[in-house]
Each structure stands twice: as structure tokens, then as C-alpha cells.
Amino acid sequence: MDEDQLERFKEILTRQRDEVLQNADDTVSDMNDQSDNYPDPTDRASIESDRSFTLRLRERERMLLTKINEALERIETGDFGICESCGGDISIKRLEARPVTTLCIDCKKKSEALEKARGE
Ligand SMILES: [Zn+2]
């Protein structure tokens with residue numbers, strides 16, 4: 001992969017990271033806005049489930065954020081676009097669709113097949 005391509009992926013990843021951080025900020029301020037003063041138990045129940053949804057979302061955001069940071073690190077160290085399983089190149093097309101990926105399509109298919117075999 002050449003410098004221009006790396007630079008482009010760096011931009012994509014940085015933008016994704018900003019979006020995730022922005023979302024996380026919104027989520028936190030939403031939660032702070034919610035008053036605990038809901039006398040109707042039905043309302044309270046729906047507020048509680050909203051809140052657990054929000055927390056799940058934040059867990060996913062945190063995971064995504066970690067993946068984005070790791071991908072940015074790999075750009076710096078020169079490992080970006082290299083499959084961590086077989087050491088081969090990950091196709092540009094695949095990276096464009098999913099810049100945080102660490103596996104080439106063949107290894108990804110293999111690991112998915114393994115997960116299925118284990119019943120996960
Ligand atoms: Zn591979």
C-alpha cells in the first residue's frame with residue numbers, strides 16, 4: 001500500500017473516530033437530561049429499557065473505538081492492511097468497506113466457519 005492510500009485510510013478512520021466520540025457525547029448528555037421523576041411505572045419501565053439500550057450501544061461504541069485506534073496504530077507502525085493471521089495483504093476493496101478489519105477475506109471466512117462449528 002502506498003503513502004496516499006495510507007493517508008486516505010487515516011482520514012477515514014479519524015473521521016469515524018470523531019463520529020463515535022460525537023455519538024458517545026450525545027448519549028451521555030441524553031442520559032443526564034432524563035429526570036428520575038417518573039411517577040407512572042410504565043413510563044419508568046420504558047425509561048429503564050431505553051437506558052439499557054443506550055448502555056449496550058455505548059459498549060459497542062467503545063469496542064469500535066478500540067478497533068479504530070488499533071487500526072490507526074497499525075498505520076503508524078506500517079502493519080495496516082496486513083492480515084494478522086496469514087500475513088498476506090488485505091484487499092483495498094475490503095479495507096474500504098471495513099477499515100478496522102485485521103483479517104483478509106480468506107482468514108475471515110475461515111474464522112467464521114470455525115465460530116459456526118463451535119456453535120457461536
Ligand atoms: Zn489472511
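I call a residue buried if 20 or more other C-beta atoms lie within 10 Å of its own, exposed if 12 or fewer, and partly exposed in between, with C-beta atoms placed from the backbone. By that rule, I find that buried residues make up 8% of the 120 residues in the chain.

**Ground rules.** I am working with a predicted model, where local features need pLDDT of at least 70, side-chain atom pairs count only at pLDDT 80 or more, and totals for chains, interfaces and linings use all residues. My residue numbers start from 1 along each chain as its sequence is written.

**Confidence.** I looked up pLDDT, the predictor's confidence in each residue, from 0 to 100. The chain averages 86, and 84% of the residues score at least 70.

**Fold.** I took helices (H or I, at least four residues) and strands (E, at least two) as DSSP runs, numbered from the N terminus. My tally for the chain is four helices and zero strands, and along the sequence I read α-α-α-α.

**Contacts.** I count two residues as in contact if their C-beta atoms, placed from the backbone, lie within 7 Å. Of the contacts in the chain with a separation of 6 or more, 53% join residues 24 or more positions apart.

**Core.** A nonpolar core here is a set of buried Ala, Val, Leu, Ile, Met, Phe, Trp, Tyr and Cys residues joined through C-beta atoms within 7 Å. Which residues form the largest one? I found eight: Phe9, Leu13, Ile68, Ala71, Phe80, Ile90, Leu95 and Cys104. Helix H1 (3-33) and helix H2 (41-77) each supply at least two residues of this core. Domain 1 (1-80) and domain 2 (81-120) each give the core at least three residues; these domain bounds come from an automatic or database domain assignment. In general, nonpolar side chains tend to be buried together in soluble globular proteins. I then picked out Leu95, which touches Phe9, Gly81, Ile90 and Thr101, leaving out residues up to four places away in sequence.

**Helix H1.** I stopped at two residues here. Gln5 has its place in helix H1 and is partly exposed, with 14 other C-beta atoms within 10 Å. The C-alpha atoms of Gln5 and Ile92 are separated by 8.8 Å, although the two are 87 residues apart along the chain. Thr14 also lies in helix H1, and it counts as partly exposed because it has 13 C-beta neighbours inside 10 Å.

**Loop between H2 and H3.** Asp79 sits in this loop and is partly exposed, with 14 other C-beta atoms within 10 Å. Asp79 and Thr102 are 9.6 Å apart, C-alpha to C-alpha, and 23 residues apart in sequence. Glu84 is found in the loop between H2 and H3 too; with 13 C-beta neighbours inside 10 Å, it counts as partly exposed. Thr102 turns up again, with its C-alpha atom 5.8 Å from that of Glu84 and 18 residues away along the chain. Leaving aside neighbours within four places in sequence, Glu84 is in contact with Thr102 and Leu103.

**Helix H4.** Is this helix largely in the open or buried? The number of buried residues among the 13 of H4 is zero, so H4 lies largely in the open. H4 (residues 105-117) reaches 18 Å from its first C-alpha to its last, close to the 18 Å expected at 1.5 Å a residue; the expected span is 1.5 Å times one less than the number of residues. Just after H4, I noted that Gly119 takes a positive phi of about 80°.
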